Amino acid sequence: MPILRCHDIWKSYPDEPGPTLAGVDLDLDQGRILCLLGPSGCGKTTLLRTVAGLERPDRGRVVFDGRNMTGLPVHKRRFGMMFQDFALFPHKRVSDNIAFGLRMQGRREPDVRERVREMLDLVGLSGTGGKAVDQLSGGQRQRVALARSLAPEPRLLMLDEPFSSLDRTLRDRLLVELRRILRRLRTTSIFVTHDQGEAFAVADEVSVMHEGRIMRTGAPRDLYARPGSAVVARFLGFENILSGRVVDRGMVRTSFGVVPVSGECPGPGEQVELLIRPEAGRVLEGNEPGRPGDTIRDAEVVDCLFRGGWFQLRVRMADGSSFSFRLPDVPADLREGSPVRLAVSGSGIMNLTAGGK
């Protein structure tokens, strides 16, 4: 039984042309980390604020632990929030920032001090309680914000793009630590981001949002393997999405040529959208033959970029269409403008119209 259930949530604003949230249904089990992933304006922050009680839905219900929370004031929900701008008190010491929510709960001062010490240990900031907030680095301030959010033991923790202002290296390190902390405490959490890398690093489940709707929910590995639609695939960073028409059972005519499709495929004459997975391509050298099921095409190298452990190869076909592949290695003489023979595995071409199954 999910501890959090959002049922048929609708929300509109007078200055918006359409609904910001359009019939959102969402379930979250206790102790799990859910990421709301999507571009700016898709409704993910509005949904988070609706769960928090900062926005009231036009229609629908937010139920937590079997109780309808829809009309309940924010302070009575016992939820925690962590924002991208830290939202710390600059005039207070680190320990006082963390203690703020505990004192609001009316806890005894010895208990407050002990809980603050525990939180500082948890986020790796032991010994910094007496420092002023403005003496800390950006990463340290975000750890303090996390400690402050976790200190009152919230029933649900909500994080709104908490690391967006930090550099990539620091962000990656904090993401690993955040997941470790949340898993250790078994804190039920909702994490909002527009970065699929962040979502995959932190979440147990990811819900991809688009134009106020949840398009697909799944574990990061399942979502990557089966995006389910062209909209989701594009937002997950897949580039090789193309339209085609079925010419025979399991064969589709596209700008990449006639290709086999793994999984479900409709009958001849039907229009479909396909995904060629970036890892499905290989460069053939000389007269090297392809493998059974390969589609082999001649192309021109647009660019070949070393990404540290792998290469991103972009090629252009005779009709001007381009495709991008992720390869573990490439021939040393591959250059911009070079001709190249590509082999694409049939198992790496999927029909998105059929839900990517």
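This is a predicted model: local features need pLDDT of at least 70, side-chain atom pairs count only at pLDDT 80 or more; totals for chains, interfaces and linings use all residues.
Visitor: Why is the pair of Phe306 and Phe311 called tilted?

Guide: Set the angle against the limits. The two ring planes stand at 50 degrees. Stacked needs under 30 degrees, edge-to-face needs over 60, and the rest count as tilted. So the pair is tilted.

Visitor: What makes Phe306 and Phe311 a pair?

Guide: Their ring centres are 5.1 Å apart. Paired rings have centres within 6.5 Å. A search of the whole structure gives 5 aromatic pairs.

Visitor: How do you know that the charged end of Lys92 sits over the ring of Phe89?

Guide: The charged end of Lys92 is 5.8 Å from the ring centre. The distance limit is within 6 Å, and the charge must also lie within 35 degrees of the ring normal. Lys92 is listed as sitting over the ring.

Visitor: Which ring does the charged end of Arg148 sit over?

Guide: That of Phe89, with the charged end of Arg148 5.5 Å from the ring centre.

Visitor: What makes a space a cavity rather than a pocket?

Guide: In a cavity the probe fits but cannot get out, whereas a pocket is open. The search finds 1 cavity of 30 Å³ or more. The largest cavity holds about 70 Å³ of space.

Visitor: Which residues line the largest cavity?

Guide: Among them are Met82, Val123, Phe163 and Ile181. Helix H4 (138-150) and helix H5 (168-185) each give two or more residues to this lining. The largest share, 4 residues, comes from H5.

Visitor: What is the volume of the largest pocket?

Guide: About 740 Å³. His75, Phe79, Gly80, Gly101 and Pro152 are the closest to its centre, of 20 lining residues. Strand E6 (79-82), helix H2 (94-104) and H4 each supply at least two residues of that lining.

Visitor: Which residues lie nearest the centre of the second largest pocket?

Guide: Tyr224, Leu236, Gly237, Trp310 and Arg326, out of 15 lining residues. The volume of the second largest pocket is about 490 Å³.

Technical notes:
Residues are numbered from 1 along each chain as its sequence is written. Side-chain values use heavy atoms; hydrogens and water are left out. Rings of Phe, Tyr and Trp (its six-membered ring) pair if their centres lie within 6.5 Å; planes under 30 degrees apart count as stacked, over 60 as edge-to-face and the rest as tilted. On a 1 Å grid over the protein atoms alone, a cavity is a set of points where a 1.4 Å probe fits but cannot get out, and a pocket is an open set with protein on both sides within 12 Å along at least five of seven lines; lining residues have an atom within 4 Å of a point. Grid points are joined across faces, edges and corners, and a volume is the space filled by probe spheres set on the points.
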